Amino acid sequence: MSPDRLEVVVLVVSAVLLLGVAAVRVSTGAGLPSLLLYLGIGLAIGEAGLGLRFDDAAVAQTVCTVALAVILAEGGLTTRLHVIRPVALHAGVLATVGVAISVAVTSTAAWLLLDVDVRTALLLGAVVSSTDAAAVFAVMRRLPLNRRTRALLEAESGLNDPPVIILVTLVVSSAWEDLDGWSALFGFVQQMGLGVVAGVVVAFAGRFVLSRVALPATGLYPLATMTFAMLGFGVAGVVGGSPFVAVYLAGLLLGNADLPHRAATLGFAEGLAWLSQIGLFVVLGLLASPSRLADALVPAIVVGVALTLVARPLSVALCSIPFRMPWREQAFTSWAGLRGAVPIVLATFPITAGVPNAQQIFDVTFLLVVVFTVIQGPTLPWAASRLAVTEPEITAELEIEHAPFEDIGASMLTCDIPKGSRLHGVEISELRLPGDATVALILRDGILFAPKPSTMLRRGDHLLLAVTDSERPGVERRLRAISRAGRLATWRGELGLPS
């Protein structure tokens with residue numbers, strides 16, 4: 001590539017990224033997932049717009065698969081175990097049994113109503129059956145949903161991608177003609193099991209290394225953490241497991257470990273995830289051909305109606321029976337099952353495998369995601385309010401970061417006092433921190449100063465504490481306890497354990 005050509009490529013890519021960033025602002029104001037605008041950017045610069053022709057489904061699949069891995073890693077890193085633990089079993093049932101019900105119902109509807117063969121019908125049902133975390137939470141992050149509903153949707157959207165990916169991979173493979181139920185079940189269990197093992201092993205290796213090595217630059221911690229999560233993807237693929245199970249689980253375990261510079265790590269992962277989303281949807285928009293989409297509109301509506309109004313509510317209702325989930329929460333969970341990146345990426349699998357009717361599957365899936373996201377996305381706030389699944393926002397948990405100094409066996413802790421924290425109004429002397437731990441500096445209203453024992457803490461203060469490594473867990477627990485219950489936290493039974 002010549003230097004002139006390279007400059008043009010950099011110019012175009014930079015412009016697309018800036019448009020993608022601007023699209024987030026526009027989509028937030030409109031109450032729509034930004035994926036719609038990203039797809040629109042891809043269509044605008046594609047063959048029907050600026051004339052850039054791109055029809056290499058194999059390249060698109062490769063790029064989008066890596067992007068999905070990054071998005072899943074970020075989803076795991078930002079998910080708190082204490083939030084999803086109460087609904088983990090329910091989410092797991094929705095991600096497996098619920099997906100199976102959705103696939104069966106949607107595939108049957110496609111086979112009966114669209115006059116397609118069994119393989120095409122099964123692929124249509126499978127590729128659209130998983131919900132998308134990025135699409136769901138791009139809309140819901142402004143909604144004060146109750147804890148159970150939010151946690152369930154968050155956990156389900158992170159867990160239901162791998163089963164569907166495994167299913168689609170099996171159906172498009174050359175083994176389809178000889179595939180039987182037991183072989184499919186064995187392949188599914190094998191990939192899920194090896195994916196779990198790979199994710200856990202890599203995560204614990206990452207936790208061991210990152211908690212004991214003092215890296216020379218702060219920016220290396222986020223890079224190393226994200227690399228360990230992606231290592232899970234690679235290891236699982238090599239040993240025959242599901243890379244997507246491994247990368248999500250590795251991210252989840254690393255994100256909930258006591259690692260240095262957590263806030264910087266999450267910010268770095270979030271930036272990579274946004275970059276991946278922009279690239280993924282722009283590439284998929286480029287791959288779509290507007291001239292073909294008109295013919296796919298009716299099939300997309302048929303499949304979408306069967307999925308949204310029959311398959312999804314039925315799967316949620318049946319999977320919620322053992323958990324006694326109120327019908328209002330069931331209804332909202334059903335309606336909030338937005339589709340996004342994964343269905344469109346999965347729709348490229350039949351194309352690269354040379355499956356008959358593959359282009360029709362892609363076009364139907366593309367339109368289904370666009371049409372039903374436009375319908376469902378803006379109505380979620382109204383639905384949450386009407387179904388009474390909201391609750392007042394709760395006080396944010398105190399976030400504490402630490403930066404280790406390996407040579408002297410000590411760390412610097414940092415934390416911001418959030419709104420509603422009961423650290424507000426507490427004097428430094430009343431903290432009664434363990435050992436020789438001390439609040440070294442406070443940043444307040446842009447002014448940095450060394451506090452006195454009588455200095456009173458205020459909300460919005462940024463604290464810098466010096467502690468030895470042996471005292472650090474006790475200091476963190478003490479700060480959390482006072483933040484939750486005030487000066488008399490211990491008397492009130494609050495021990496400050498991670499929630």
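The model is predicted. The chain has 499 residues, of which 50% count as buried, and its secondary structure comprises 21 helices and five strands.

**Overall chain**
- When contacts between residues at least 6 apart in sequence are considered, 76% join residues at least 24 apart.

**Second largest pocket**
- The volume of the second largest pocket is about 600 Å³.
- Its lining consists of 20 residues, and those nearest the centre of the pocket are Val9, Val12, Val13, Leu52 and Leu286.
- By class, the lining holds 17 nonpolar residues, one polar residue and two charged residues.
- At least two lining residues come from each of helix H1 (3–30), helix H3 (57–78) and helix H13 (262–287).
- H1 provides the largest share of this lining, with seven residues.

**Strand S5 and its partners**
- Side chains alternate along strand S5 (residues 462–468): one face carries Leu463, Leu465 and Val467, which are buried.
- Strand S2 (residues 410–416) runs antiparallel to S5 and is joined to it by seven bridges.
- Strand S3 (residues 438–444) is also antiparallel to S5, with five bridges joining the two.
- Ala466 in S5 stands opposite Met412 and also opposite Thr438.

Notes. Residues numbered from 1 in each chain as written. Predicted model: local features only at pLDDT ≥ 70, side-chain atom pairs only at ≥ 80, totals over all residues. Heavy atoms only, no water. Helix = DSSP H or I, 4+ residues; strand = E, 2+ residues; numbered from the N terminus. Buried < 20%, exposed > 50% of the residue type's maximum accessible area, 1.4 Å probe, protein only. Contact = heavy atoms within 4.5 Å. 1 Å grid on protein atoms, 1.4 Å probe; cavity = no way out; pocket = protein on both sides within 12 Å on 5 of 7 lines; lining within 4 Å. Points joined across faces, edges and corners; volume = space filled by probe spheres on them. Nonpolar A, V, L, I, M, F, W, Y, C, P; charged D, E, K, R; others polar. Pairing = 2+ DSSP bridges.
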